[in-house]
Amino acid sequence: MDNFFSKLVELFSTQEYIDSLLHGFLLTIQVSYFALLIGLVLGTVIALVDTARRSKWMVLPKFICRVYVGIIRGTPMALQLFIMFFVIFAIKGFPSIITAIIAFGLNSAAYMAEVIRGGILSVDKGQTEAGLALGLSNLTIFMKIVAPQAIKNIIPALGNEIITVLKETAIVSMVGMYDLNMAAKDIGSGQNMASYIVPMFVAALFYLATIYLITFIVKRIEKGLRRSDLRTEE
Amino acid sequence: MENTNTDLKIRNLKKSFGKNKVLNGINFELTEGERVVVLGPSGSGKSTFLRCINWMEEPTSGEIIMDGERVTAKNIRKIRRNLGMVFQHFNLINNLTVMENLTLAPVKLHLMSRVAAEKRAMELLRHIGLPAKAGAYPASLSGGQKQRVAIIRAMMLNPEALLFDEPTSALDPESIGDVLSLIRELAERGMTIMIVTHEMSFAKEIATRVVFLDKGKIIEEGTPEEFFNHPKTERVKEFLKKVL
């Protein structure tokens, strides 16, 4: 135990190690953030196509979305990452962070699409009918009635997806990228530290703290959105 | 526009859900100021009939003509503004306050300014005794309160007629009374009304005409006096024996 604490002190008093951890942490955050952004936008588009009313123009887009979601959810993330790195973006000098963001973004889109689709479908049909009976347009019904209620249902699952992506980005270390996970391994294998347990323990704390913060924010948002569920008056 | 005092004409209306034929050719006319009560056993297609009129369900075939204009997918939105609908489960919009529920459509459809709509909404809320609920969300209202708000929401658009789809079926007895007296009041003011209900005494009292549906067809219609006291068909006699 003494050894553990002395190593811990050593880690936090060596600028090089701190730089490595922060550098890795920054990459993890960058990849997660931009991947989630792509996932949210693309996932929303897929969900909208999927829940749109059936018509002859929607047959092909709906089919494409189904196949896309099927493939992404049916294959391992690590394999998708490899395909991006060693097949699709196997271009010399292409920035690996972009490749990673695209790989995780495309993956997350499929899961987000399912979450958003479920959220939209969970809104009671009577809500749409109320809008229709009042002569409102489909766009107004979606924007003013369906979307706000769907978002409320989506937020908890979306928080889950954010957490999943943040942790899953750790596999970029498999293609040699220097994320938080890789930084821990790198520091641990260095001659000076000669301990895996300490840097890995610290990396775990970084992940935990970040996820705790995300959970906290999501809960706050959720609470705000549940305002209209309260049976009491303002 | 050949016949100006007929608001609504329905010719050979049919509706199937897949293989399930619910409406089998309904012919019907509704004239301004009429109050038509639609009766029938469960599964006879009463609600579907009502819901086809404003295309909550798209008819499989047949014609619906409103004020001389044939209802199609293109003009349905305009038609719906003139045909208010009140649902069994109220369908107040959960994420909007009572006031927002009332003003959303008139403001969005540019029929009233926000200020005018809020003023009108407040008048109506005062009328039903719920001005204090203007800022409340539907979740904090009782069933009867929700339904009365739903009725004045339909009134906000000044419709030519109101369609009621079992408006009291989901309510407790006391709330039923409140909702029925609001409907009665609209009737007394000359509102054209079509109502699907199981409240027989109310039907008798309010109706100018009773329509009886069985297996997706109108098998008997007449004034409440004729219908309840001198039913013509065996099916209606049997029905009345059970419900009265």
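A:Glu129 is found in helix H6 of chain A. The model is a predicted one. At 10% relative accessibility, A:Glu129 counts as buried, because buried means under 20%. Leaving aside residues up to four places away in sequence, A:Glu129 touches B:Arg51, B:Met56, B:Phe87 and B:Asn91.

**Where the chains meet**

One of those partners makes a salt bridge. B:Arg51 pairs with A:Glu129, and their closest N and O atoms are 2.6 Å apart. How many salt bridges are there between chain B and chain A? The count is one.

On the chain B side, 28 residues are in contact with 23 residues of chain A. The area buried between the two chains is about 2300 Å². Carbon and sulfur atoms give 57% of that area.

B:Asn91 is another partner of A:Glu129. B:Asn91 is found in the loop between E6 and H3 of chain B. Its relative accessibility is 7%, so B:Asn91 counts as buried. Phi of B:Asn91 is near 55°, which is a positive value in a residue other than glycine.

**Helix H3 of chain B**

The buried residues are B:Val98, B:Met99, B:Asn101, B:Leu102, B:Thr103, B:Leu104, B:Ala105, B:Pro106 and B:Val107.

What do they pack against? Two partners come from chain B: helix H4 (114-127) and helix H5 (143-155). Helix H7 (138-168) of chain A is also a partner. H3(B) is followed by B:His110, which has a positive phi near 55°.

**One cavity**

A search of the whole structure finds one cavity of 30 Å³ or more. The largest cavity holds about 40 Å³ of space. Its lining draws on both chains. From chain A come A:Ala130, A:Ala133 and A:Leu134. From chain B come B:Gly84, B:Met85, B:Phe87, B:Arg153 and B:Ala154. B:Phe87 also touches A:Glu129.

Helix H6 (125-133) of chain A, strand E6 (83-86) of chain B and H5 of chain B each supply at least two lining residues. By class, the lining has six nonpolar, one polar and one charged residues.

| Pocket | Volume | Lining residues | Largest share of the lining |
|---|---|---|---|
| Largest pocket | about 1500 Å³ | 36 residues | H7(A), six residues |
| Second largest pocket | about 450 Å³ | 17 residues | H2(A), six residues |

Which residues lie nearest the centre of the largest pocket? They are A:Thr51, A:Ala52, A:Arg53, A:Thr128 and A:Asn138. Several elements of chain A each supply at least two residues of this lining: helix H2 (15-51), helix H3 (59-74), helix H5 (96-121), H6 and H7. By class, the lining of the largest pocket has 17 nonpolar, four polar and 15 charged residues.

Now the second largest pocket. Nearest its centre lie A:Tyr33, A:Leu36, A:Ile162, A:Ile214 and A:Val218. H2, H7 and helix H9 (197-225) of chain A are the elements that give two or more residues to the lining of the second largest pocket. How many charged residues does the lining of the second largest pocket have? It has no charged residues, with 14 nonpolar and three polar.

**Two loop residues**

A:Met174 is found in the loop between H7 and helix H8 (180-189) of chain A. Is A:Met174 buried or partly exposed? At 46% relative accessibility, A:Met174 counts as partly exposed. A:Met174 touches A:Ala78 and A:Phe82, not counting residues up to four places away in sequence. A:Asn107 is 67 residues from A:Met174 along the chain, and their C-alpha atoms are separated by 17 Å.

B:Glu166 has its place in the loop between strand E7 (161-165) and helix H6 (173-188) of chain B. At 12% relative accessibility, B:Glu166 counts as buried. Phi of B:Glu166 is near 45°, a positive value in a residue other than glycine.

Note on methods: Residues numbered from 1 in each chain as written. Chains lettered and ligands numbered in written order. Predicted model: local features only at pLDDT ≥ 70, side-chain atom pairs only at ≥ 80, totals over all residues. Heavy atoms only, no water. Buried < 20%, exposed > 50% of the residue type's maximum accessible area, 1.4 Å probe, protein only. Helix = DSSP H or I, 4+ residues; strand = E, 2+ residues; numbered from the N terminus. Contact = heavy atoms within 4.5 Å. 1 Å grid on protein atoms, 1.4 Å probe; cavity = no way out; pocket = protein on both sides within 12 Å on 5 of 7 lines; lining within 4 Å. Points joined across faces, edges and corners; volume = space filled by probe spheres on them. Nonpolar A, V, L, I, M, F, W, Y, C, P; charged D, E, K, R; others polar. Buried area = accessible area lost by both parts, 1.4 Å probe. Salt bridge = Lys/Arg side-chain N within 4 Å of Asp/Glu carboxyl O.
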